Amino acid sequence: MNLINLKDENLFYIGGVVRDIILGNKSFDIDITYVGNAIEFAKTIPNAEIIKINEPFGTVKILIDNKEIDLASTRNEVYPKVGHLPQVTEIGCSLKKDVLRRDFTINTLAKSLKTGEIVDYLGGIEDIKNKIIRIIHDNSFIDDPTRIIRGLKFSVRFGFKLDEHTKDLQNEYLNNINYDMSYKRVKKELIETFNLNSQEAFERFFSENIYKLLTEKETIAPKYNIQNLVDKYPVKDIWLVYLGWMNLEKLPLTKRESKIISDYNYLKSQKLDDDYSIYSEFRNCEKESLLLYAINIDDKKVSKYFEELSKIKLNLTGKDLQEMGIKPSKEYSKCFEYILREKIKSPNINEKELAKKFFKL
Ligand code: ATP
Ligand code: MG
């Protein structure tokens, strides 16, 4: 692997990217760390353009050979307020100190850009071999409970198991949650985990009580194969198809995400006892809301909508109405809606005849 042509002895691929090299997987993103101050180092690289500097974190984005690369300084961190963003205490610390702030041993490996040698302070290679997810110190989940969700994500993605002691500490934390945590970070991890579209992740999220990070209330998950449903009807916000039915009030949601949930709650309160009401209510809702309705209320109505009702289109156009001598007005759309309603009841109606009836011709 030769991603960039930088050969300084203080540069290392670090974290997930090295794990992925060993696993033979493609990396989502490439993290490179500089043992020392990466910002000062970046200024000395010939042909590199500095795009962005984040002084407090000691990170810098550079452009080199037309590639954007993020360089991080090795850094040490503490958690003055557990569950929230850590504070940087030292920039340019040793590589060992830098890896000690990370989540799991499998994510602590460093690979020299100069020699290709892998530095493994905490037994990460052995854990990858044995498919084990292991935290680095006993306070890990207390410092950052999002690591519990990350553990589930990596476990599902790679088919790895949580080490026993890690599992015990996870259970201990979940029995004694400090709800004052950064829900922005929790949300990010939930999105990454559930966008994998994995039934296993969904079932373990509940059977292992990880859902308790979101709500104090006992919650029972619907028994439904959501993975198959999403495979059949792909959507953008997969994670909300998995979780939108439960209490998510702690999470900061975007407008669209809130609409998905409120559309679903609205649909839940509707009777929808004939095809036209299914059609006219479903068509205004986000697709994710319909999948939530399928999982929790009635999947037959949803498949009927996707397979049949949503495909019903009128052949009649405004031009046809004009040719029939009807002047364009707001009545046009009322007429179309009237015909559509009739067509949903009986697909073989004569649209022109119905238009005539509507305009009393
Ligand atoms: P992915 O393939 O999903 O990107 P990754 O391991 O690269 O997996 P990132 O979220 O990109 O994960 O983070 C990069 C590295 O930063 C991780 O490998 C890990 O060493 C460290 N890291 C990320 N999040 C945390 C966290 N919450 N606590 C401690 N270390 C973390
Ligand atoms: Mg990554």
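The structure described here is a predicted model. The points below concern its surface charge, salt bridges, aromatic rings and backbone angles.

**Surface charge**
- Aspartate 168 belongs to helix H7, which covers residues 164-174.
- On the surface, Asp138, Glu164, Asp168 and Glu172 gather in a patch of negative charge.

**Salt bridges**
- Side chains of opposite charge can pair when their charged atoms come close.
- The model contains 37 salt bridges.
- One of them joins aspartate 237 to arginine 256, with the closest N and O atoms 3.1 Å apart. Aspartate 237 sits in the loop between helix H10 (226-232) and helix H11 (238-243), while arginine 256 is in helix H12 (residues 255-268), so the pair ties together parts that are 19 residues apart in sequence.
- Aspartate 237 is buried at 9% relative accessibility, whereas arginine 256 is partly exposed at 25%.
- Aspartate 237 and arginine 256 also take part in a network of salt bridges with Lys236, Lys259, Asp263, Glu286 and Glu288.
- Another salt bridge pairs aspartate 275 with lysine 304, the closest N and O atoms being 3.1 Å apart. This pair links distant parts of the chain, 29 residues apart: aspartate 275 is in helix H13 (residues 275-282) and lysine 304 in helix H15 (residues 299-307).
- Both partners are partly exposed, aspartate 275 at 25% relative accessibility and lysine 304 at 28%.
- Glutamate 331 and lysine 334 form a salt bridge of 3.3 Å, N to O. These two residues both lie in helix H17 (residues 331-345), 3 residues apart, or about one turn of the helix.

**Aromatic rings**
- There are 19 aromatic pairs in the model.
- Phenylalanine 205 is buried, with a relative accessible area of 1%, and phenylalanine 206 is buried with 9%.
- Ring pairs link Phe205 and Phe206 into a cluster with Phe194, Phe202, Tyr211, Tyr242 and Trp245.

**Backbone angles**
- Most residues other than glycine have a negative phi.
- Asparagine 66, although not a glycine, has a positive phi of about 65°. Asparagine 66 lies in the loop between strand E4 (59-64) and strand E5 (67-73), and is exposed at 75% relative accessible area.
- Asparagine 197 likewise has a positive phi, of about 50°. Its place is the loop between helix H8 (183-194) and helix H9 (199-207), where asparagine 197 is buried at 10% relative accessibility.

Terms used. Residues are numbered from 1 along each chain as its sequence is written. Chains are lettered from A and ligands numbered from 1 in the order in which they are written. This is a predicted model: local features need pLDDT of at least 70, side-chain atom pairs count only at pLDDT 80 or more; totals for chains, interfaces and linings use all residues. Side-chain values use heavy atoms; hydrogens and water are left out. Patches are made of residues with over 30% relative accessible area and no salt bridge: like charges are joined within 9 Å, nonpolar side chains (Val, Leu, Ile, Met, Phe, Trp, Tyr) within 5 Å. Accessible areas come from the Shrake-Rupley method with a 1.4 Å probe; for residues, only the protein chains shown count as cover. A salt bridge is a side-chain nitrogen of Lys or Arg within 4 Å of a carboxyl oxygen of Asp or Glu. Lys and Arg count as positive and Asp and Glu as negative; His and the chain ends are not counted. The place of a charge is taken as NZ of Lys, CZ of Arg, CG of Asp or CD of Glu. Helices (H or I, at least four residues) and strands (E, at least two) are DSSP runs, numbered from the N terminus. Rings of Phe, Tyr and Trp (its six-membered ring) pair if their centres lie within 6.5 Å; planes under 30 degrees apart count as stacked, over 60 as edge-to-face and the rest as tilted. Buried means under 20% relative accessible area, exposed over 50%, partly exposed in between (1.4 Å probe, protein chains only).
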